[in-house]
Amino acid sequence: MRRACAAAALLLSGCAGTELPPSLWPPADFVVELEEVEFVGESVHVLRRFRVDAEGLAIYGESTRPLMLPGTNVSLPVFERLSVYRLEPACVRALSRRISRLGSLELETDPTPPLSGDIGLVVRWQAFQGREQLTGTGRLHGAMADLVVLVAAHMPPGVQLRTELGRKPVTVLRGVPEVADSAAGALQAYRQLRDAGERGPDFLLEGLALACRQDQRDDAAKWLEEWSAATSQQRARAPAFTDQSAPLQPSQLRELLPPQ
């Protein structure tokens, strides 16, 4: 019988689970992220994103109306449908070990360039200062499908990926809050996580997008300030702003701020 992993609604109660014996798993820098995306012309819109870190913080969001960066084909997802919870330590340990085991296999993806209207999946993970990313479109198979099914099994029950996997993910969780459809509630959840110390660059961009959609200029400016500080070293090492591969810049994101 598959063992269920307990989870706590992070903003309502404490973390479930007990202390575990010392282990290398999960490493302190562990993060896994699963995205389902839609290719629209030269843009890639994130439809849903699910992320788990080494502390078990799990954030699942769905976006139907992204924000477009003026003058570019870059879009930011606005996660107006959200579920936030924390996995018990034993669950995070098992997840990180299995991802590392699958990620060490020879993973094949479809080399065919995606067409406008295609749906694809992106899986990113990092551990022990190493980073990996895989992208696939169409019907996934083999180890790539196994990796997606593994991660998707930790998403809120009832969530359905649009990508064909060959077999349906079966949740291993219990006690997970349902996905709430409330932009205001999602922004409040992000504020609470920010106040608790969450500072991941993607997280800060997500909060910025929510604040902009809610016309909360002062709050959006705070999210932008936090994101600029969190990414300053990364941007300093990156290609010049005029380079096509350059990352986002604060000056670009400032154009999204609601009017005063």
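**Entry 1: Glu-35 and Arg-124**

I looked up the pair Glu-35 and Arg-124, which form a salt bridge with the closest N and O atoms 3.2 Å apart. I take a salt bridge as a side-chain nitrogen of Lys or Arg within 4 Å of a carboxyl oxygen of Asp or Glu. The pair links distant parts of the chain, with Glu-35 in strand S2 and Arg-124 in strand S8, 89 residues apart. Strands (E, at least two residues) and helices (H or I, at least four) are DSSP runs, numbered from the N terminus.

The model is predicted: local features need pLDDT of at least 70 and side-chain atom pairs count only at pLDDT 80 or more, while totals for chains, interfaces and linings use all residues. Residues are numbered from 1 along each chain as its sequence is written, and side-chain values use heavy atoms, with hydrogens and water left out.

I then checked accessibility, where buried means under 20% relative accessible area, exposed over 50%, and partly exposed in between (1.4 Å probe, protein chains only). Glu-35 counts as buried at 3%, whereas Arg-124 is partly exposed at 25%.

I found Arg-48 in a salt bridge with Glu-36 (2.8 Å, N to O). Arg-48 lies in strand S3 and Glu-36 in strand S2, 12 residues apart. Arg-48 is buried at 10% relative accessible area, and Glu-36 is buried at 0%.

Arg-48 also forms a salt bridge with Glu-62, the closest N and O atoms being 3.3 Å apart. Glu-62 belongs to strand S4, 14 residues from Arg-48, and is buried at 16%.

I noted a network of salt bridges that links Glu-33, Glu-35, Arg-49, Arg-51, Arg-124 and Glu-206. The count of salt bridges comes to 15.

**Entry 2: Helix H2**

I examined helix H2 (residues 142-152): nine of its 11 residues are buried, so the helix is largely enclosed by the rest of the structure. Its buried residues include Ala-143, Met-144 and Leu-147. Among the elements that cover them are strand S2 (31-40), strand S3 (43-53) and helix H1 (89-103).

**Entry 3: Nonpolar cores**

I define a nonpolar core as a set of buried Ala, Val, Leu, Ile, Met, Phe, Trp, Tyr and Cys residues joined through side-chain atoms within 4.5 Å. In the largest core, of 37 residues, Val-32, Leu-34, Phe-50, Ile-99, Val-148 and Met-155 touch the most other members. H2 gives the most to this core, with eight residues.

I listed the contacts (heavy atoms within 4.5 Å) of Leu-34; leaving aside neighbours within four places in sequence, they include Arg-48, Phe-50, Val-148 and Met-155. A second, separate core of 34 residues includes Leu-193, Ala-209, Leu-210 and Ala-211.
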